[in-house]
Amino acid sequence: RPWRNLCPSRRVNKRYHALVLGHPPWDEEVCLDGPIDGKPSETFARVVKRGRWAASPAPHVAREAALVEARPTTGRTHQIRLHLSGAGYP
């Protein structure tokens, strides 16, 4: 039960990792914001690593990809996915 009280009081720092297509140009943490369902929301994101992702066993089919760490400050449904996709990195 004590864990239940930590999230609303913002004493827990939630961080998520996402694999995105393309190479975001961010070298520092950026704030991705924009309303979701008409409510304000923001996600802080930074690139952890850039590389290539093999979409199939054939090496010539590899695509650019990046590992992104995301830290949402609001808890909207699908917030990270929507913000990254809105920035051009689905």
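## Close-up views of a predicted model

**View 1. Lys49, an exposed strand residue.** Lys49 is exposed, with a relative accessible area of 58%. Here, buried means under 20% relative accessible area, exposed over 50%, and partly exposed in between (1.4 Å probe, protein chains only). The strand that holds Lys49 is β3. Helices (H or I, at least four residues) and strands (E, at least two) are DSSP runs, numbered from the N terminus. Lys49 touches Ala65, Ala66 and Leu67, leaving out residues up to four places away in sequence. Contact means heavy atoms within 4.5 Å. Lys49 and Ala65 are 16 residues apart along the chain, and their C-alpha atoms are separated by 8.7 Å.

This is a predicted model: local features need pLDDT of at least 70, side-chain atom pairs count only at pLDDT 80 or more, and totals for chains, interfaces and linings use all residues. Residues are numbered from 1 along each chain as its sequence is written, and side-chain values use heavy atoms, with hydrogens and water left out.

**View 2. The whole chain.** The protein has 2 helices and 4 strands. From the N terminus on, the order of elements is α-β-β-β-β-α. Of its 90 residues, 27% count as buried. Among contacts with a separation of 6 or more, 61% join residues 24 or more positions apart. The protein exposes about 6,500 Å², and carbon and sulfur atoms supply 53% of that area. Accessible areas come from the Shrake-Rupley method with a 1.4 Å probe; for residues, only the protein chains shown count as cover.

**View 3. Arg15 and its contact with Glu69.** Arg15 is found in the loop between α1 (2–6) and β1. Its relative accessible area is 42%, so Arg15 is partly exposed. The side chains of Arg15 and Glu69 make a polar contact (3.1 Å). A polar contact is a pair of N or O atoms within 3.5 Å; within protein, one must be able to donate a hydrogen and the other to accept it, and residues adjacent in sequence count only if both atoms are side-chain atoms. Beyond its neighbours within four places in sequence, Arg15 is in contact with Glu69, Ala70 and Arg71. Arg15 and Pro72 are 57 residues apart in sequence, and 7.5 Å apart in space, C-alpha to C-alpha.

**View 4. Thr43, buried in β3.** Thr43 lies in strand β3 (residues 42–53). Its relative accessible area is 2%, so Thr43 is buried. The Thr43 side chain makes a polar contact with the side chain of His83 (2.8 Å). Not counting residues up to four places away in sequence, Thr43 touches residues including Val30, Cys31, Leu32, Gln79, Ile80 and His83.

View 5. Gln79, Ile80, His83 and Leu84 are the buried residues of α2. They lie on the same side of α2, because they cover an arc of only 120° around the axis. The arc is that of the directions from the helix axis to the C-beta atoms. Arg81 and Gly86 are exposed on the other side of α2. The cover over the buried residues of α2 includes β1, β2, β3 and β4 (63–72). Ile80 is in contact with Tyr16, Thr43, Ala70 and Pro72, leaving aside its neighbours within four places in sequence. Just after α2, Gly88 takes a positive phi of about 100°.

**View 6. The largest nonpolar core.** This core has 12 residues, among them Ala18, Val20, Leu32, Val47, Val68, Ile80 and Leu84. The elements that give two or more residues to the core are β1, β3, β4 and α2. β4 gives the most, with 3 residues. A nonpolar core is a set of buried Ala, Val, Leu, Ile, Met, Phe, Trp, Tyr and Cys residues joined through side-chain atoms within 4.5 Å. In soluble globular proteins, nonpolar side chains tend to be buried together.

**View 7. The aromatic pair.** A search of the whole structure finds 1 aromatic pair. The ring centres of Trp26 and Tyr89 are 5.7 Å apart and the planes are at 75°, so the pair is edge-to-face. Rings of Phe, Tyr and Trp (its six-membered ring) pair if their centres lie within 6.5 Å; planes under 30 degrees apart count as stacked, over 60 as edge-to-face and the rest as tilted. The pair links distant parts of the chain, 63 residues apart. Trp26 sits in the loop between β1 (16–21) and β2 (30–33), and Tyr89 in the segment after α2 (79–86). Trp26 counts as buried at 13% relative accessibility. Tyr89 is buried too, with a relative accessible area of 16%.
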